[in-house]
Amino acid sequence: MSGKKYVYLFKEGSAGMKNLLGGKGANLAEMTNIGLPVPPGLIITTEACRDFSAQGQAFPKGMEEQVCEGITVLEEMLGRKFGDEQDPLLVSVRSGAPISMPGMMDTVLNLGLNDLTVEALAAGTGNERFALDCYRRFINMFGEVVMGVDHHKFERLLENHKEKAGVYFDNQLPAKEWRKVVADYKSLILKETGKTFPQSPMEQLFMAVHAVFNSWNNDRAIVYRKINKIPDDLGTAVNVQAMVFGNIGNDSGTGVAFTRNPSTGEKKLYGEYLINAQGEDVVAGIRTPQPIDALEQDMPQVYKQFAGICSLLEQHYRNMQDIEFTIERGKLWMLQTRNGKRTAQAAIKIAVDMVDEGLITRDEAILRVEPGQLDQLLHRRIDPGAKLDIIAKGLPASPGAASGSVVFDADLAEKMGQEGKKVILVSTETTPDDIHGIVAAQGILTSRGGMTSHAAVVARGMGKPCVCGCEALRIDYHKHLFEVAGLVIKQGDIISVDGATGNVILGTVPMLDPVLSPEFRRLLEWADQVRTLGVRANADTPEDALKSREFGAAGIGLTRTEHMFMAQDRLPIVQEMILATSVAERNIALDKLLPMQQGDFYGILKAMDGFPVTIRLLDPPLHEFLPNMEDLMVEITTLRLSNGDREELRSKEDLLRKVRALHEANPMLGHRGCRLGVTFPEVYAMQARAIFNATAQLVKEGYQPVPEVEIPLVIDKNELSSLREMVTGVAGEVMKAAGVEFHYTVGTMIEMPRAALLADEIASYADFFSFGTNDLTQTTLGFSRDDAEGKFMQAYLDQKILTDNPFMVLDRKGVGKLMKIAVELGRKTSPGLLIGICGEHGGDPSSIEFCHSIGLNFVSCSPFRVPIARLAAAQAAVINKD
């Protein structure tokens, strides 16, 4: 044999060869080598699959010869021959990728049967019914997987035969009926494909291998890889294994078991089996499987052996195992083992229990839990056993689930919420004007906007479920209804939203409340001992701040002061400030806002006593606080046509002129952030005074407030130096007037590319940097967040122009490079510069790992993502240990 080695016998492999032999093959090899009862076989490598794809679906040179040689070795080992008319060797052909993809690719069982070998199998086993049952299964699977005949056509034929025979279960059909089924199946294949069912076992084998290689790129496998971020270039191995039969009689069976409960993590065998069945019967639902415990009564010796092997495998792999097995005439055979899929609750319990059992270390336990899974445990969720009437699907923008009456107006949502009614706020998209409605609502549903739209960001910060970008919705605000797929949902009708899946559901649904187990708390304690990255929260209210502390946040990394301006009792004063025609007029309005802002900051600083609180000064453009231009024009036109109140008309006309004057073609890049501070310094001065008045009051009361004043949207050191001087001046005035000293810092957000590139200059005037990666991503990529996610982002992901949505997972090549430059330049000027991140990426595990790698001090995220960030930061520390 020359060239590449494409085929390995089980005894030639090991668990460490997963990339070459696939997970299933590597584990079959490992079980073989530790002496477990595994039917022998061979593995065609993932490299053969990759070469097959590269050569236009043609087997690579030498592979077929190596397979034939491997089959010869199996024949010698088993004393049976492929295609032999006396004692035939039969095999299963199964896929096995390096990363487990359960059910995504193709399998063929009982390969090697034909019109002659089926008679040999019947004679050899003394069971004609069994042999013909195997043959019809093989023809069905081969016809579907290899020859492309619809599975349901085989099923219809079988149902017809069972109906004529007057039986319900497959295993009740006698041999003579199976002969008729086999004949009908072969006729179906000829009719559907124009080809006869192949009788040569070797031809069957290579056709099956070809089909399994092709299944690497079937639709469901592609979608599964996309969802689970599995690379497309791994390829699948093919496992050719000697058949063992669980359907010979009542001393045989097949099953699937987990070494621990995959839902709860309980240390107890969990699974099911069927007597007198083959593997697919367990999952097909035609017969009801028995719980694995029942095997102890049916076959006590087999159960004892199986339980011992399960314990051995768990000890060997040091992980919970998902095991497939077959019992053939009382003999146990192991067909597969792999690390079992599990819920977040189970993952945590199993990891912590295995530390207590001495199986794994704390570092390993930290790595065993997927941070993103923790969302399942931190929000109410829909009972997975509930039957749902799903009417639409959008983007799963904020986890959790909620039911309530549909409302289309934020004011009505607030009113109904105050009356104790549960509502779902439905909108085309939300704006900062809707904040009071969002606060009152149980959940949010929008027809536009992406995963980082206003609705998504605010909902995540509040821990409320949100479904965004549900484009199937047709909202009619005038009629107070929305339509979806011909269904009309009126205001007041009950719907539910599932922010974990994006589903919109008709009516109420049963919910499960979050429960933080003792194991969960222990795992996070271990994480805190390991991580070097601090974790803060984004919070705008004292309630959010307290929730953040409860979830383990060591400070607030972002308080957005504009959300405070949106309260209904303040909006008129804010509008008065904006409409002022002189500094004196503006100061009158600001004097009214000052005590309100002071109360806001007092509450948050008090809630986070002893921890830093980063307070961002006003960021959005002023027009966001004013009425919508089109609405104003409609109101003015109505007043004119109806000869309405002249004073009201004049007031609205003045307001319209101001709205038009403030209107910007691209407000995201317009008059906002520190640009407002430059043009209206009195606004920033009021906010600084409110922060420091609250700080002084708390110091007098014996608290330890740690305010960090943040200047947003800086692009030049001169902006920051000027505004910093103003802030420090106000701080000095407050300390003098209050007669107390307090500590504070002044820093900036790095959210513009120019700021990142000039970080060494800006650092001269900053005590800290905080990356605002939402805006930094938009300005670096030139993407409008909502437009990109709503219109072309999916095409960029499908065509692999981008590997991930850059608003969800940090763009390391572009945005990340700017961040790295800013860190290096900033610390060149100021070695001890505190640097963090407060954009949505602060709660994404992949982005957190990058933040750890470039030396950030902290990440900040929504309160409900704080545990996720704590675990992800610990994993980054473990992975990057020297």
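**Exercise 1. Determine what share of the protein is buried and how its chain is organised.**

Step 1. Of the 882 residues in the protein, 56% are buried, where buried means under 20% relative accessible area, exposed over 50%, and partly exposed in between (1.4 Å probe, protein chains only). The model is a predicted one, in which local features need pLDDT of at least 70 and side-chain atom pairs count only at pLDDT 80 or more, while totals for chains, interfaces and linings use all residues. Residues are numbered from 1 along each chain as its sequence is written, and side-chain values use heavy atoms, with hydrogens and water left out.

Step 2. The protein contains 35 helices and 33 strands; these are DSSP runs numbered from the N terminus, with helices (H or I) of at least four residues and strands (E) of at least two.

Step 3. The C-alpha trace spans about 105 × 65 × 50 Å along its principal axes.

Step 4. A contact means heavy atoms within 4.5 Å. Among contacts between residues at least 6 apart in sequence, 69% join residues at least 24 apart.

**Exercise 2. Describe how helices H27 and H28 pack.**

Step 1. H27 (residues 681–700) and H28 (residues 717–738) pack at an angle of about 40°, and their axes are 9 Å apart. Axes are lines fitted to C-alpha atoms, for helices over the stretch in contact, and angles run from 0 to 180 degrees between N-to-C directions.

Step 2. On the H27 side the contact includes Tyr684, Ala688, Phe692 and Ala696; on the H28 side it includes Leu723, Val727, Val730 and Val734.

Step 3. The residues of this contact divide into 13 nonpolar, one polar and three charged. Here Ala, Val, Leu, Ile, Met, Phe, Trp, Tyr, Cys and Pro count as nonpolar, Asp, Glu, Lys and Arg as charged, and the others, Gly among them, as polar.

**Exercise 3. Identify the buried residues of helix H31 and what covers them.**

Step 1. In H31 (residues 773–781), the buried residues are Thr773, Asn774, Asp775, Leu776, Thr777 and Gln778.

Step 2. Their cover includes strands S30 (745–750), S31 (768–771) and S32 (834–837), together with helices H29 (753–757), H32 (785–798) and H33 (812–829).

Step 3. After H31 comes glycine 782, with a positive phi near 70°.

**Exercise 4. Characterise the second largest pocket.**

Step 1. A pocket is, on a 1 Å grid over the protein atoms alone, an open set of points with protein on both sides within 12 Å along at least five of seven lines, for a 1.4 Å probe; lining residues have an atom within 4 Å of a point. Grid points are joined across faces, edges and corners, and a volume is the space filled by probe spheres set on the points.

Step 2. The second largest pocket has a volume of about 520 Å³. Among its 20 lining residues, Val439, Met462, Asp540, Thr541 and Asp544 are the closest to its centre.

Step 3. Helices H17 (435–440), H18 (454–462), H20 (542–550) and H21 (562–565) each supply at least two lining residues. By class, the lining has eight nonpolar, five polar and seven charged residues.
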